[in-house]
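Open the model in your viewer and keep the selection tool at hand. The stops below go from one site to the next.

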Amino acid sequence: MYKCRICLNNINPFMSFGSQPIANGFLKEHEFSEEYFFEMETAFCESCNTFQLVTQPSAEKMFHENYAFFSSLSKNMRIHFKMFAEMVMEEYFIDRVDPFVVELGSNDGIMLQNFMNNNFRHLGVEPSSNVGDVARKKGIKTISEFFSLDLAEKIIKESGHADAVICANVMCHIPDMNDIAQGIAKLLTADGVLIFEEPYLGDMLAKTSYDQIYDEHVYIFSAHSVMNAFGRHGLEIIDLLHQETHGGSMRYVLAPKGTHTISPNVEITLRDEKRQGLNSIETFVKFKANCEKSRSNLVGLLKDIKLQGKRVVGYGATSKSTTVLNYCGIGPDLIDFIADTTPIKQNKFTPGCHIPVKSHEDFHANPPEYALLFAWNHATEIFEKETQFSENGGKWIYFVPSVEVK
Ligand code: SAH
Ligand code: TMP
Ligand code: ZN
């Protein structure tokens, strides 16, 4: 029995993804014997509707000076965050005098650079100092700390209240949501806005994209869970905007209760969630069965390919792939290597299953018969670059929404 991280009611894990390492913990051979693992079990709180990990490694184990995820490597995400920033500036900054924006988990400055370029007061809070350094080099104001209620008070003292607190793919990383929500509520001006987007529970369940679940993602949110988590700290949802990024995300717009008009999107989405069963434990029991089916189909396919004497290379050493590889037990016997653009991941091994990570040049130099698309959320961008692979007869393996070869 565990306690829900949001409402403290009793919860029971409905499934385990087995022993999992740090999803972004790419490592060298001499580090294998010291590798850290935890049992990754998931639970759904029927009282506040929050999907969560019952155990999460400490923040310092995951976010540090060697963090392996650099946001700006994706061209389409650079475009996406430019549009996100423009939406904030046009819809929420227009009537404000010298507005101030704070971004949590600002990484290498992919979003904040747009505010800097428009001369807006800004501050990035980014605990992983190596990615924060990239932002600082661009001239973006960034502090390398974990956001918390204490830090919010420090920011208010030094820079005043924020007209907007924004973040993307960060809120679901922070276990102590009550502390964070209090910090944000305090940091905002009386009519400030909180805008964040995260992988959406509705998409994960509909697509069986269980790879969204890994150590960093302690929550997979829905509108219901966000409403419950922030409602207890004086904030309400004023708009909801579904996004196609990261395989299906939701953008949540919140504000202090009673300060903004509420978009009809809110009622519509809450109704849709009830209809999709996002608040019912039976949906998660079904999800578990779907994950098991996906696993046996993927492993079966890879073994068949191996028996035919053909090669498979992974495409994109994503953090998500760590869950897939370790849950399915896929190692270097089934996948030769994984190609990835991130220099800090190359010439290392994947966490847990120890598949070598190489560059895309290695992929092009000796193309395999099959490429397993781990970075399926970046498919459009990748296919634009990899037309040659398909033209030469190479086949893509998908595992979301179902295992398929195309
Ligand atoms: N916003 C970027 C980066 C997402 S990765 C994007 O969408 O591409 C998650 C980021 O959150 C990491 O850079 C990590 O260092 C940061 N992070 C983790 N815990 C945090 C916390 N408590 N406060 C602020 N940032 C945090
Ligand atoms: P993400 O799914 O968490 O955004 O991670 C994407 C990973 O895939 C990251 O390690 C970079 C890598 N990648 C490539 O190797 N090639 C590409 O074209 C893209 C877009 C990403
Ligand atoms: Zn709860």
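Predicted model: local features only at pLDDT ≥ 70, side-chain atom pairs only at ≥ 80, totals over all residues.

Select ligand 2 and Lys 385: a polar side-chain atom of Lys 385 lies 2.4 Å from an oxygen atom of the ligand. On its own, ligand 2 has 490 Å² of accessible area, and the protein covers 95% of it.

Now show the whole shell of 18 residues around ligand 2; among those that come nearest are Asp 340, Lys 345 and His 378. By type, the shell divides into 5 nonpolar, 8 polar and 5 charged residues. Colour helix H13 (residues 379–385) next, as this helix gives the largest share of the shell, 3 residues.

Move to ligand 1, which 18 residues surround. Ser 71, Glu 126, Ser 128, Ala 168 and Asn 169 are the closest of them. Select Glu 126 and find its polar side-chain atom 2.5 Å from an oxygen atom of ligand 1. In Ser 128, an N or O atom of the side chain is 2.8 Å from an oxygen atom of the ligand. At Gly 105, look at the backbone instead: a polar backbone atom there is 3.0 Å from a nitrogen atom of ligand 1. The protein covers 97% of the 570 Å² of accessible area that ligand 1 has on its own. The shell here consists of 11 nonpolar, 6 polar and 1 charged residues.

The next stop is the zinc ion, ligand 3. Which protein donors does the zinc ion have? Select Cys 4, Cys 7, Cys 45 and Cys 48: their SG atoms are the donors, lying 2.3 Å from the ion. The 4 donor atoms subtend angles of 101 to 116 degrees around the zinc ion, so the arrangement is tetrahedral. Along the sequence, the donor residues follow the spacing C-x2-C-x37-C-x2-C. Cys 4 sits in the loop between strands E1 (2–3) and E2 (10–11), and Cys 45 in the loop between strands E4 (38–44) and E5 (51–53), so this pair ties together parts 41 residues apart in sequence. Cys 4 and Cys 45 are both buried.

Finish at Leu 240, in strand E12 (residues 235–243). Is Leu 240 buried or exposed? Its relative accessible area is 4%, so Leu 240 is buried. To end, draw a line between the C-alpha atoms of Leu 240 and Leu 187: they are separated by 22 Å, and the two residues are 53 residues apart along the chain.

Note on methods:
Residues numbered from 1 in each chain as written. Chains lettered and ligands numbered in written order. Heavy atoms only, no water. Near = heavy atom within 4 Å. Polar contact = N/O pair within 3.5 Å; in protein donor to acceptor, adjacent residues only side chain to side chain. Areas by Shrake-Rupley, 256 points an atom, 1.4 Å probe, with all protein chains shown as cover. Helix = DSSP H or I, 4+ residues; strand = E, 2+ residues; numbered from the N terminus. Nonpolar A, V, L, I, M, F, W, Y, C, P; charged D, E, K, R; others polar. Donors = N, O, S within 2.8 Å, 3.2 Å for Na, K, Ca; no water. Tetrahedral: all angles 85-135°; square planar, octahedral: opposite > 155°, others 65-115°. Buried < 20%, exposed > 50% of the residue type's maximum accessible area, 1.4 Å probe, protein only.
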